[in-house]
Amino acid sequence: MSENFPDYVDVNYQDGTDQDPTDYPHVHEKIEKAIEVTRQGLEQYENPAVMWTGGKDSTLVLYIVKEVADRFDLEVPPAIFIDHYQHFDEIIEFVDHWAEEWDLDVIFARNTNIGEYVDEHGLEPGDDIPVADLDEHNRHHIENILEYEDESFPFLLDTYAGNHLLKTVALNDALEEYDIDGVISGVRWDEQEARADETFFSPRHDPDIYPPHDRVQPILHFEERAVWEAFWQFVVPDTVEHFPDEGYVPESADDLPEGVEQADIPVSPKYWEGFRSLGSEISTKKAEDEPAWLQDLEGTTERAGRAQDKEDLMARLRDLGYM
């Protein structure tokens, strides 16, 4: 990264201010805006990367990045996958499979100090980790950044200390190691109140909190329904051979066109099972039995299956670099 970041970047940090999804009422308008934002992200930043969780939002963003890169003769940047050690096995398998299918360079961001401690001591999620046993880097975060005063913290993703150490610290360390200046992510306005004031280009420039970078957010203006509409109208027909171009929407994994299997479709198997959010194996439950895109998306909460769903906690974690 050049030392004069962000001076070499020419983006409008106010783009999206005082807007909401209704300003982009049709999926085609949403996609055109996503293409515009993505192209700027790929052109403006010297070392961009795409956040990829294996979930629907980040996979849609990754698809758009690939399409924009191909259309405008740009490079596909690496994807960053935060391995917080509590993923569903199916998510890891999904990421590995589609990384190979799409010829992606994937950076696995991990807090290895905690991971190695957990392995060495045979810990399970929820077990306590003494703060004194952490390395200096993690102790600094937990004592000085979080101002956490307990002598131990639970090895659990959906807690204040656990989320910060397992996800935010892992991400920020990867941004620093790979000199990432633009993080292209799948954040959406409607997903959480803590994200409602985000803009399409969101600065993260305070070096005391994180490696200076910008968040590039191409699907900020999508609702959950529009994400699935984009999948079945564009992503899947473009990606899967033998899938109908008119955007056929399957009602189950058994309801697929002839010659197409569930593994051929870039949609996590957990969504087919009824999950709408894929936070962690430990603390995320499926919402219903039917696939996510067939559920009452407008009348129910997307992240209701997650243990961590408190806006004040989300706001504090986002101030520290959480997505």
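Helices (H or I, at least four residues) and strands (E, at least two) are DSSP runs, numbered from the N terminus. These labels are used in every view below, and the model shown is a predicted one.

**View 1. Glu-281 sits in the loop between α8 and α9 (311–319).** Glu-281 and Gln-86 are 195 residues apart along the chain, yet 5.8 Å separates their C-alpha atoms. Setting aside neighbours within four places in sequence, Glu-281 is in contact with Gln-86, His-87 and Phe-88. With a relative accessible area of 42%, Glu-281 is partly exposed, since that class runs between the 20% limit for buried and the 50% limit for exposed.

**View 2. The largest nonpolar core has 62 residues.** Nonpolar side chains tend to be buried together in soluble globular proteins. Which residues touch the most other members of this core? They are Trp-52, Leu-60, Phe-222, Trp-228, Trp-232, Ile-265 and Val-267. At least two residues of this core come from each of α1 (27–44), α2 (56–71), β2 (79–82), α3 (89–101), α7 (224–239) and α8 (269–273). Apart from this one lies another core, of 16 residues, including Tyr-117, Phe-153, Phe-155 and Leu-165.

**View 3. Here's a closer look at Phe-222 and what it touches.** Not counting residues up to four places away in sequence, the partners of Phe-222 are Lys-30, Ile-31, Ala-34, Leu-60, Arg-188, Asp-190, Val-227 and Ala-230. One of them, Leu-60, is listed along with Phe-222 among the residues that touch the most other members of the largest nonpolar core.

**View 4. Arg-204 belongs to strand β7 (residues 201–204).** Is Arg-204 buried or exposed? Arg-204 counts as buried because its relative accessibility is 6%. Its side chain makes a polar contact with the side chain of Ser-202, at 2.5 Å.

**View 5. Helices α5 (residues 136–145) and α6 (residues 160–177) cross at roughly 125°.** Two packed helices are described by the angle between their axes and the distance between the axes. In this pair, the axes come within 11 Å. The two helices are therefore oblique to each other, and α5 passes α6 in a right-handed crossing. On the α5 side, His-137, Asn-138, His-141, Ile-142 and Ile-145 make the contact. The α6 side brings Ala-161, His-164, Leu-165, Val-169 and Asp-173. Leu-165 is also a member of the core of 16 residues.

View 6. The peptide bond from Phe-5 to Pro-6 is cis, with omega near 10°. Asp-18 also lies in the segment before α1. Though not a glycine, Asp-18 has a positive phi, near 60°, and it counts as exposed at 79% relative accessibility. Asp-103, in the loop between α3 and β3 (106–109), is another non-glycine residue with a positive phi, of about 55°. At 70% relative accessibility, Asp-103 counts as exposed too.

Methods. Residues numbered from 1 in each chain as written. Predicted model: local features only at pLDDT ≥ 70, side-chain atom pairs only at ≥ 80, totals over all residues. Heavy atoms only, no water. Core = buried A, V, L, I, M, F, W, Y, C linked by side-chain atoms within 4.5 Å. Buried < 20%, exposed > 50% of the residue type's maximum accessible area, 1.4 Å probe, protein only. Contact = heavy atoms within 4.5 Å. Polar contact = N/O pair within 3.5 Å; in protein donor to acceptor, adjacent residues only side chain to side chain. Axes fitted to C-alpha atoms, helices over the stretch in contact; angles between N-to-C directions. Parallel < 35°, antiparallel > 145°, perpendicular 65-115°, else oblique. Left-handed = near helix turned anticlockwise from the far one by under 90°.
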